[in-house]
Amino acid sequence: MKRRRPFGVTVIAVVFLANMIAAVLQTDLLETSLPRFVDDAGQFELARLIVSIVGVLLAIGLWRLQPLAWATTMAWAGITMVTTLLAYYRGEPQFISMALSVVAVFYLNSREVQGAFHPDLIAEPDEGDHG
Amino acid sequence: MADGQPPTGGARPEEDLALLRRHEPILRFTEGELFFPTPADGYVERCSLWARAPHKEPRLLVAAGKLDLDLLGVLGSQPTGTSTYMRFVQRPLSGREYQRWRMQTTRPVFKSRGRLARVGIGARLIDAAFSISLLLRGTVPGGTTAAAMQQYDTMLDERPGYAYYGRVTRDGGYITLQYLYFYVMNDWRSSFYGANDHEADWEQVFVYLDDRDGGEPVPAWVAYASHGYSGDDLRRRWDDPHVAKEEDHPVVFVAAGSHAAYFEAGEYLTRVEAAFLRPLLNVIHRVERIWRVTLQQGDSRGLSEGVQSLIGVPFVEYARGDGVAIGAGQASGWNAILMPGEGWVERYRGLWGLDTRDPFPAERAPTGPKFNHTGTIRQTWHDPLGWSGIGTVAPPGQAERELREHIVARQEERQSARAEVELLRAATRGLELEARAIQQGSFPASLYRARSRELELQEARLDQLQQRVAQLDDSIRASEEHLARIEAGDLGDPQAHMRHSYRPETPREFRIRTLAEAWSAVSIGLLLLGIALLVIPGIARWSVAFLAAVAVFVTVESLLHQRLLKLTLNVTIILAVITSGILLYEFFFEIAITLVVTIALLLILENVRELFGNSR
């Protein structure tokens, strides 16, 4: 049976893709070849490129409802939250990033979304759950 | 039959004995088991008998070697408040004697792997606390098992063989065959890494025969006593494929040391729970339900499993069935002893072994087959049907007749309810006309209100009756369909009555890697050492070091149990909860205002829709 992709998952996948495009546009990659870019780029730019590539892979995985993409996105959100919590602890809060991560985690962990990625794992709610 | 045992115990001893013989269970033990079912007289003859009055030291009533079952019956009744107990091992082996006994090559050897590696870190912490608690509680002294084994060997030399006590009762359309097995020692803790040791052990197996009128009684159900389990879960239908049988004999797999009985061979992970922590688990279950049902979040069984592991000490019951087998068609057979109907069974309410005075009953010896520790009569004795939840279940041979009679009774009830509906409906219609007449005439409003109220009550009663008729319709239809199935010989799912199916662990579940096993063995000790180091001043900022140590510990644990992904996801969710709390704290006013505005807008929208007649 064909699985339906929840709307929110589509949004997250599109956001990942948009982020990647934005990140690539901010680099000189389009104006040069990849080997030269790698030679010239600083560590920060390289890291941003790698993260962008991972973002693309995640976007594709989410679009295709791959369980690994779901788990990786959750872990990604977890890492983001660790950094935002540390920033909050240092007195440099990033509330928007915190809120987005929380929404993403609770949404991805919802039964409906988990069911889309892991149709075999989500059991039917028991009788008492309907009330 | 064992020597010296009179065939008493029932009104029809020969018939009872024949029935017991026909279905006597085959017991399969685990390789390494030390003790097997034996007659109680040889044990009692080696015991001393003691009495302990409240706040006084124990007093010797009968020295070892002078006690027998008859005397036990005579001395069994002591003044109220005085407890009695036997003592089989008069002197446990010393350390050197014990080591010598351990080195014996003839002693059966038990091999097992990874009890602790099968459970999580929380359970291992509780297990460590349990081990420490043994130092503070009253326990069976070390060396007792070895001494008991030596005495048991002399008993076997005097009278080789295996025995059970049989009791037959007839009640509720069933003939209950009650098989009682007496062991001189429960050595689950000292020999098989289990929860407890105690002198003496009484275990039971029941075979319930369908007592057909004039026909040959046939087995319908079996129930095996096993600690912690009760009611319907204890019993299996005779035709259940999970009940091993050899011809007319059920096969029982006996757990090593504890002698609990199981239907299937294997290793069972059980938990001995600290009952006082159960409310905590109930709270967690509620939180989990809100998480899962109200918030529609994904499966969180890990949470309750984790908490459950924190309130229970994990133990493995080894019921492998790869050792000695006793019973029909096996290398060794049974001596059947009919349980006497009087004497020691009826009169001795004391313990059958050493009273350690353990505040938990685990390390105290059991009472006899008839009595509980409180001196009351065991349910297995006075109501063996109710004990396994079978008292309300019709025997298969009588189910057809009983269901047919029940259907007739229900049909009559429905007919009566329908007649009542007709009568009430007529009366209600009259009342409704009366109320309308009062309303339209020039009569007091109070009279109209009184009649209207009366009308409402009658309508409610009529609704109830109609519902009752509808329910009866459904019940009768269901019963008729079930009757048709019974007539066709279909008794339905043999495990439909069970709430929990206790199955042994699969080989995959206990295939423990050596590394994980080694880690499980040393991890709790390492954690304690780490904590001890942390409290030494100046080593590190202790809170950071503690968190780092726990993080490393949990990560290693997850890696070894191949649960790193699960750990990552759980940590992410915990972080999300913490972050939500921070956001709520920082933006409480804004969030509250947003909520109020949202609710207000929704209300306005709903009311405007209603105003324009678009209520969809």
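Student: Where does B:H55 lie?
Tutor: B:H55 is in the loop between β2 (48-52) and β3 (59-62) of chain B. Helices and strands here are DSSP runs (H or I, at least four residues, for helices; E, at least two, for strands), numbered from the N terminus. Bear in mind that this is a predicted model: local features need pLDDT of at least 70, side-chain atom pairs count only at pLDDT 80 or more, and totals for chains, interfaces and linings use all residues. Residues are numbered from 1 along each chain as its sequence is written, and chains are lettered from A, ligands numbered from 1, in the order in which they are written.

Student: Is B:H55 buried or exposed?
Tutor: B:H55 is exposed, because 6 other C-beta atoms lie within 10 Å. The cut-offs are 20 or more other C-beta atoms within 10 Å for buried, 12 or fewer for exposed, and partly exposed in between, with C-beta atoms placed from the backbone.

Student: And what's phi of B:H55?
Tutor: Near 60 degrees, a positive value in a residue other than glycine. B:H259 has a positive phi too, near 65 degrees. B:H259 sits in the loop between β11 (249-254) and β12 (261-262) of chain B, but B:H259 counts as buried because 28 other C-beta atoms are within 10 Å.

Student: Okay, switching to B:P25. Which loop is B:P25 in?
Tutor: The one between α1 (13-23) and β1 (26-28) of chain B. B:P25 is buried, since it has 26 other C-beta atoms within 10 Å.

Student: What is B:P25 in contact with, beyond four places in sequence?
Tutor: B:Y179, B:V205, B:H249, B:P250, B:V251, B:V252 and B:G327. Contact means that the C-beta atoms, placed from the backbone, lie within 7 Å.

Student: Which residues touch the most other members of the largest nonpolar core?
Tutor: B:V184 and B:Y224, in a core of 89 residues. β6(B) supplies the largest share of this core, 10 residues. A nonpolar core is a set of buried Ala, Val, Leu, Ile, Met, Phe, Trp, Tyr and Cys residues joined through C-beta atoms within 7 Å. Another core, of 24 residues, lies apart from that one, and includes A:L62 and A:M74.

Student: And what does B:Y224 contact, leaving aside neighbours within four places?
Tutor: B:V205, B:L234, B:V252, B:A261, B:Y262 and B:F263.

Student: Back to β6. What's the strand order in its sheet?
Tutor: The order is β9-β8-β7-β6-β5-β16 (chain B), an open sheet of six strands with mixed pairing. Strands pair if DSSP finds at least two bridges between them. The edges are β9 (235-237) and β16 (334-338) of chain B, each pairing on one side only.

Student: How many bridges join β5 and β6 of chain B?
Tutor: Seven, in the antiparallel sense, between residues 162-171 and residues 174-186 of chain B. In that pairing, B:T169 stands opposite B:T176 in β6(B).

Student: How many residues does each chain bring to the contact between A and B?
Tutor: 18 residues from chain B and 25 residues from chain A. On the side of chain B, helix α17 (residues 564-586) gives the most, with 13 residues.

Student: Last one: what's the mean pLDDT of chain A?
Tutor: 80, with 80% of its residues at 70 or more; pLDDT is the predictor's confidence in each residue, from 0 to 100. Residues 123-131 of chain A stay under 50, and the model has two contacts for them beyond four places in sequence. Where pLDDT is low, the predicted coordinates should not be read in detail.
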